[in-house]
Amino acid sequence: MLHGYKIIDADSHVIEPSQVWAKYLPPEFKHYAPSADMKIQGEDIAQKISPQMRDAGNQQMMEAHRNAYFQRYDPESHLQSMVQMGIDIAFIYPTNGLWLFAIDTMPPEVVGAFTQAYNTWLYEEFCSYAPDKLKGVGAINLHAPEQMVSELHRIADFGWKAVVLRPNPIKRRILSDFAYEPFWTACEELEIAVAIHEGTHSRLPTTGADRFNTHFALHACSHPMEQMMALLALIEGGVLERHPQLKVGFLESGCGWLPYWLWRMDEEYKNLHREVKNHVKMPPSEYFRRQCFVSVEPSEPYLPQIIDYIGSDNLIFGSNYPQMGHKPDIVKTLLELEVQLSQETVQKIVWDNPSRFYGLA
């Protein structure tokens, strides 16, 4: 608790130790286990990461939370960092896994082995250290739609209430591909929220990757633009119409893109709805307000205007701990917004809304 607020970190990350894969991959897949420098059979799991960016990211992470860095981001150091930031509950997302589970050329059965190994480790070794404070978000294998529901049930058996998906096309399938329909149905039935999370430098189709090479450009493009297209896919493909109880969150891209995108989609729907009227039965902005959430960045300068446009019931907060770009004082900065936004709105962002998204009692 900080300044009277209980706080949920809706987007915190774990740094997966390399021994996870050697320990939890089945024997027939152990030769795919990434090395300590995150290469698989000599090939990097990511692309277009310059040595300068790697060094800068490593230095920044070390300076932000020195104890956690030298403790290799184990559960105890994660809890200590939460105390320092004033966070009560953290929902845990992968870091290297966002790249590893998304290699578009990887055989589906190998990605399935990786996601199952990650979920098992996160449940048995990381979150079990403090299950009331460290909440797992399960990984799902988009490469093999026929395996998604069974792993979803295993995740539900863990007591977890959310899974993470990439927004990008995988194996040429976008999120509205009908191959995923059983998965959406199961998420709705099991009351499992779906968090959409991008990861720059991934080896799969990504906005901007065909024309830029720097982290500056790739990160600027990929996070908001992939989220915009993921939201469009879920609406245009009828997923949100068919599954009105499904909850979807869009993380680590800020929320400034949202008013424009909702306005743009509503305008297109007003003028060009004939093609989609059978499975998009109301303006796109109404689907978002009904069942979607988006994470805010405290430094966004137009939050009051965004709230005027979309309201305050769909906004959540993630620290992005401990990744490059995370700021140790981010929670304090967010709470200072109560002068502009009101205590009621800040309370919604840090606790009430993420509680609804993640299905906390």
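Start with the whole chain in view: buried residues (under 20% relative accessible area; exposed is over 50%, partly exposed in between, with a 1.4 Å probe and protein chains only) make up 57% of its 361 residues. Keep in mind that this is a predicted model, where local features need pLDDT of at least 70 and side-chain atom pairs count only at pLDDT 80 or more, while totals for chains, interfaces and linings use all residues. Residues are numbered from 1 along each chain as its sequence is written, and side-chain values use heavy atoms, with hydrogens and water left out.

Switch to cartoon. You'll find 16 helices and eleven strands (DSSP runs numbered from the N terminus: H or I of at least four residues for helices, E of at least two for strands). The radius of gyration, taken over C-alpha atoms, is 19 Å, close to the 21 Å of the globule rule for 361 residues, so the chain is as compact as a globular protein of that length. That rule is 2.2 Å times the number of residues to the power 0.38. Of the contacts (heavy atoms within 4.5 Å) between residues at least 6 apart in sequence, 76% join residues at least 24 apart.

**Stop one: salt bridges**

The structure holds eleven of them, each a side-chain nitrogen of Lys or Arg within 4 Å of a carboxyl oxygen of Asp or Glu.

Select arginine 154 and glutamate 151, whose side chains meet in a salt bridge at 2.8 Å, N to O. Both sit in helix H7 (residues 145–157), three residues apart, about one turn of the helix. Which of them is buried? Glutamate 151 is, with a relative accessible area of 6%; arginine 154, at 25%, is partly exposed.

Next, pick lysine 348 and aspartate 313, another salt bridge with 2.8 Å from N to O. Lysine 348 belongs to helix H16 (residues 343–358) and aspartate 313 to the loop between helix H13 (303–310) and strand S11 (315–317), so this pair ties together parts 35 residues apart in sequence. Lysine 348 counts as buried at 18% relative accessibility, while aspartate 313 is partly exposed at 39%.

Now try glutamate 336 and lysine 332, a salt bridge whose closest N and O atoms are 2.7 Å apart. Glutamate 336 is partly exposed at 44%, and lysine 332 is partly exposed at 45%.

Most residues other than glycine have a negative phi, and most peptide bonds are trans. Zoom in on tyrosine 321 and proline 322: the peptide bond from one to the other is cis, with omega near -5 degrees. Proline 322 is in the loop between S11 and helix H14 (330–335).

Move to lysine 48, with a positive phi near 60 degrees. You'll see it in the loop between strand S3 (43–44) and helix H2 (51–64), partly exposed at 31% relative accessibility.

Then select arginine 172, where phi is also positive, near 65 degrees. Arginine 172 lies in the loop between strand S7 (162–165) and helix H8 (181–190) and counts as exposed at 83%.

Select glutamine 80 in helix H4 (residues 75–85), partly exposed at 31%.
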